[in-house]
Amino acid sequence: MDVDAGHGAALGRALPTPSQDMSFTRRLRSLLSFQGNDDDPVATLTRTHRSIHPSADVAVVRRSYAIAESMHRGQFRKSGDPYITHPLAVAQICAELGMDTTTIVAALLHDTVEDTSYTLEALHGDFGPEVTHLVDGVTKFDKAYYGKAAEGETIRKMIVAAGKDVRVLVIKLADRLHNMRTLDARSPASRARIATATLDVLVPLCDRLGIQALKRDLDDVVLFHLEPDAYARIDAHVKDRPGWNEYLTDVSTKARTALRRSRVDAAVTPRPRHYYSIWKDTVAGNHNVPLDLPRIAVVVDGPDTDCYAALGAIHGRWRPVAGRFKDFIASPKNNLYRSLHTTVVGPEGRLVEVLIRTETMHRYSEYGVATTYRYPKVADEPPGADQLTWLKRVLDWQQDATDAGQFLDSLRCDLAEGQITVFAHGNAYELPGGSTPVDLAYELGPQQGDQCLAATINGRLAPLSSPLRDGDVVEIFSETDGHVEVEPNAPRGPRKEWLGFVKSSQAQMQINRYFDEKKEPGISIADKVRLGRATIGLCLRKHDRGLASEVPLRRLAEELGYPDLETLLVAVCERNLEPDAVVEQLIALVDHPD
Ligand code: MN
């Protein structure tokens, strides 16, 4: 039973704190220097990989390392280390997660296409389509070509690639974890920027993939860079707690006895929280000292129902704290996490948190989508990626997101919201927290959304703007299902005001699409340019002015940040830019040039 007891150090050593023994980077550096391992820089990697997958083919790992090393030769990290230390560390993180050989090979090669002369064609010839797909999925779009859209388009590309093969995201997360661990060589401003971006998109993605082993480390390294003082305070607190380990040993022993008396076969281990989760609870509860309750994990050796027997044994031994019991087995989170949570009044009257799960649940809780790679022989377990309905949903709506900025905004929104599960017409649907019946209607399909008229929540008629709650049973009535009397003159189709309350990206985009199609049926860009120009002409005439040439208009477009005059005219036509404001600025520009 491999209940992991370390916090923040599940994958290599966690963070570059001065008090810590060898950091991962330093271990690598020593590995690559004169410690007798000089002739075999991949030894640790292959050993880790073989320890989880004994029959793995390490020859292909060596071959990919040799190519990556020769392609990156002469390149250096900001820290001064040879560049190859980075892909090697990323591959090591993937190996420790238990990923397969293909992932390790792709991790070693993940920056070759982006940063060296190695091409996708060469990669395909050398390592085949799978590795090529993975490397291509994490290769950034060129900023020089895509400008501001590069970031959004890169993430979109990565998500689409992950729809075919979720290992793309695992490599990307490992890549970011290592980059975050080696941020020390960067300026404080760029450290904060990278850490914030990580917190914004990649940490929530990691959470959705259910890879807690990786998320803990990402969380902690983000905290280390964004809140260094808080990190140091928690670090000092955790390292100096007299009696803490003795207390946890005592609780674990007593819990084992209680479980044995109830004939529940289970392993009990202390389960420390990681720094970020201590910090979050401390801040949320407004505490002066770090808040960190002792916590144990009970992993039962038996079917799911044994978890409830274990819960009975624990509650029989110590009084549970009201309102702290959560059943993530009956109502699983959307990220493969399943467990029972409870808090009890333990020995000496101290509160103790208890997690209860089976061995299978434990594996999924730790490794999420990586579970099926780590434990390939375990039969009849649910395949990880197929359960990721949010990923399917993102893949659906991303097709409607026309520009990269809109895509990124919607993705952030989708990832930020807590998820709720509602039931409709006999099926379960996952929606962002705060979703309404309209969101659900669009989840059922664009037509159901456009035509939705009324809804009942748990059997009662409710306004279409009512926020739904986890577990609600909802019925949607539409124009075409004949259940609702429609007045002949009643307005048809979606209402503009729906945009004020819908939460899901899917609903927002579908409603916008509906009104875009209504507003200007078949209007071309050239028409919009002409209309925009005419609108400005009319406004100028109100001021008794006219345009002798387009030069001032072009200058204004440039000053307002538009790539060209046509784009500004389209913006005027679509009323994203007020014509009166444009004309005022235009007059000022002509009258006071400089
Ligand atoms: Mn990289």
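Biologist: Which strands form a hairpin, and what is the phi of His 425 in the turn?
Modeller: E6 and E7 form the hairpin, with 2 residues between them, and His 425 in the turn has a positive phi of about 50°. Strands here are DSSP runs labelled E of at least two residues, helices are runs of H or I of at least four residues, and both are numbered from the N terminus. This is a predicted model, in which local features need pLDDT of at least 70, side-chain atom pairs count only at pLDDT 80 or more, and totals for chains, interfaces and linings use all residues. Residues are numbered from 1 along each chain as its sequence is written, and side-chain values use heavy atoms, with hydrogens and water left out.

Biologist: How do you know that E6 and E7 are joined?
Modeller: Two strands pair if DSSP finds at least two bridges between them. Strand E6 (residues 419-424) has 6 bridges to E7, and the two run antiparallel, so they meet that definition. Ala 424 stands opposite Asn 427 in E7, and Phe 423 is opposite Ala 428.

Biologist: What makes E7 and E9 edge strands?
Modeller: The open sheet has 5 strands in the order E7-E6-E10-E8-E9, with mixed pairing. Strand E7 (427-432) and strand E9 (460-462) each have a single partner strand, so one side of each lacks a neighbour in the sheet.

Biologist: At what angle do H10 and H11 pack, and what is the angle taken between?
Modeller: Helix H10 (residues 167-181) and helix H11 (residues 188-209) pack at about 145°, with their axes 11 Å apart. Axes are lines fitted to C-alpha atoms, for helices over the stretch in contact, and angles run from 0 to 180 degrees between N-to-C directions. The residues making this contact (heavy atoms within 4.5 Å) include Leu 169 and Arg 176 of H10 and Ile 194 and Leu 202 of H11. By class, the contact has 10 nonpolar, 1 polar and 2 charged residues.

Biologist: Which residues lie nearest the centre of the second largest pocket?
Modeller: Lys 140, Arg 176, Asn 179, Arg 186 and Ile 194, out of 34 lining residues. A pocket is an open set of points on a 1 Å grid over the protein atoms alone, with protein on both sides within 12 Å along at least five of seven lines, and lining residues have an atom within 4 Å of a point. H11 gives the most to this lining, with 7 residues.

Key:
Ala, Val, Leu, Ile, Met, Phe, Trp, Tyr, Cys and Pro count as nonpolar, Asp, Glu, Lys and Arg as charged, and the others, Gly among them, as polar. On a 1 Å grid over the protein atoms alone, a cavity is a set of points where a 1.4 Å probe fits but cannot get out, and a pocket is an open set with protein on both sides within 12 Å along at least five of seven lines; lining residues have an atom within 4 Å of a point.
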